[in-house]
Amino acid sequence: MFIFGWIFWNGKTEDIVLASEFLKKVGYQAALIAFTSQKEYEIFSKNPDLYGKPELKFPISIKMISTCKGNRVAIPLFPLIILKENTIHQFAQNLNHISDLPLLRAATVNDQETAENLAKDTRIDILIAENDKENQIFTKGVVSLARQSGNTLAHSLSSAITASKYQQSKIFRNLFRLFNSIKLFRQPNIIFTEFHYPENKYIIRGPRELIAILKTIFKIPEKWGKEMLSNHWEKLILLQIKRVYDLFIEPGVEIVDIKNIDKEKI
Amino acid sequence: MVKFLRQRYVLFEILQDGNIEISRDSLMKRIWREFLHLYGTSLGYRAGLWLIRYNPKTGHGILRCDNVTRDELITCLAFIRHIENINVLFHTRKTSGTVKNTLKLWRKFLISPIPPRE
């Protein structure tokens, strides 16, 4: 199952419905929506046209994703919040507010120091690098810290696609070095091409095209490319579904079944 | 004995705002320009690119290439953002080893008339 990351929330339901139809045409089966604040998430979660609570069935598997579809959207959508702060203190304050919400948490990185501190934090799920400058912040130290705390790294290919011919080779080189260092650690990482609908919808690339780019330009085998676009995303989405029902205890521990469920509580 | 060089036929679709017709010549010029920029003449002569069928009204078509350079062709299509100042998005639907099978897939997935051979 190919999952798209991510559409930015702009408050208009019709834009998101059209964006989901466009993504289904291009070849994706699910997508994430990115918020910047708690209020935006509350508006989204209360709208049945866009978001549907997943039905609880044991064992928890990927097939539950199809039950999360809203009434009007073409593919199921999952919430994600992105934090963009300047100092570590501001990150810590925001994380305290957000840690109870059942959604995925991501953070963009500006400095080496903040990257090392965020990589150690287990409350964050995804560390994002959107630009060429942010890709250079992911050194071997940051990658190993992220592996120990269970974070995934996210790399954007939209800068490589939209750059001029003279800048492309530099961006390719930095990404090639990064992917080679990540291969050694066997760190889970994901690929995304984010967009705002309908302003720049032609930056999206389908999953087959992204796998071909990774294979030919960055010499990443097809199997690993598919994992970057499907398997690692599926693990994150299952994590989000477990948070909805408070079933996540810690990594390595999984609840197999619950007896005597109070249906009113669920 | 299996041949080293085999052909592959890529069924593609051009997504764009509005129904502006893109001519066959401008499409091939753009694809060649991008291919040579990314991979150069050292791989260009081995690609064996040819536009088999193309419907300019719907933007559907079939491209021929060698089995060795199929992924390179798909990356080349992925890096094309505009043709003659029109924002476009190439979506590769299916690949096949024979023309007959790709025409069958065209009828199944892209509900549009197939143009005659040129």
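What span should the 14 residues of helix H1 of chain A have at 1.5 Å a residue, and how far apart are its end C-alpha atoms? To find out, select residues 13-26 of chain A in this predicted model.

Keep H1(A) selected and display its buried side chains: Asp15(A), Ile16(A), Val17(A), Ala19(A), Ser20(A), Phe22(A), Leu23(A) and Val26(A). From chain A they include strands S1 (3-8), S2 (30-35) and S3 (77-83) and helix H9 (207-216); chain B contributes strands S1 (7-16) and S5 (86-96). Just after the helix, Gly27(A) has a positive phi of about 125°.

Ser96(B) counts as buried because its relative accessibility is 8%, the cut-off being under 20%. Its side chain reaches the backbone nitrogen of Thr98(B) at 3.4 Å, and a polar contact of 3.3 Å links it to the side chain of Asn101(B). Beyond four places in sequence, the contacts of Ser96(B) are Gln7(B), Arg8(B), Tyr9(B), Asn101(B), Thr102(B) and Leu105(B).

Finally, select helices H1 (residues 24-39) and H3 (residues 70-78) of chain B, which pack with their axes 9 Å apart at an angle of about 110°. The two helices are therefore roughly perpendicular, and their crossing is right-handed. To view the contact, show Ile31(B), Glu34(B), Phe35(B), Leu38(B) and Tyr39(B) from H1(B), together with Glu72(B), Leu73(B), Thr75(B), Cys76(B) and Leu77(B) from H3(B).

Key: Residues numbered from 1 in each chain as written. Chains lettered and ligands numbered in written order. Predicted model: local features only at pLDDT ≥ 70, side-chain atom pairs only at ≥ 80, totals over all residues. Heavy atoms only, no water. Helix = DSSP H or I, 4+ residues; strand = E, 2+ residues; numbered from the N terminus. Expected span 1.5 Å × (residues − 1). Buried < 20%, exposed > 50% of the residue type's maximum accessible area, 1.4 Å probe, protein only. Contact = heavy atoms within 4.5 Å. Polar contact = N/O pair within 3.5 Å; in protein donor to acceptor, adjacent residues only side chain to side chain. Axes fitted to C-alpha atoms, helices over the stretch in contact; angles between N-to-C directions. Parallel < 35°, antiparallel > 145°, perpendicular 65-115°, else oblique. Left-handed = near helix turned anticlockwise from the far one by under 90°.
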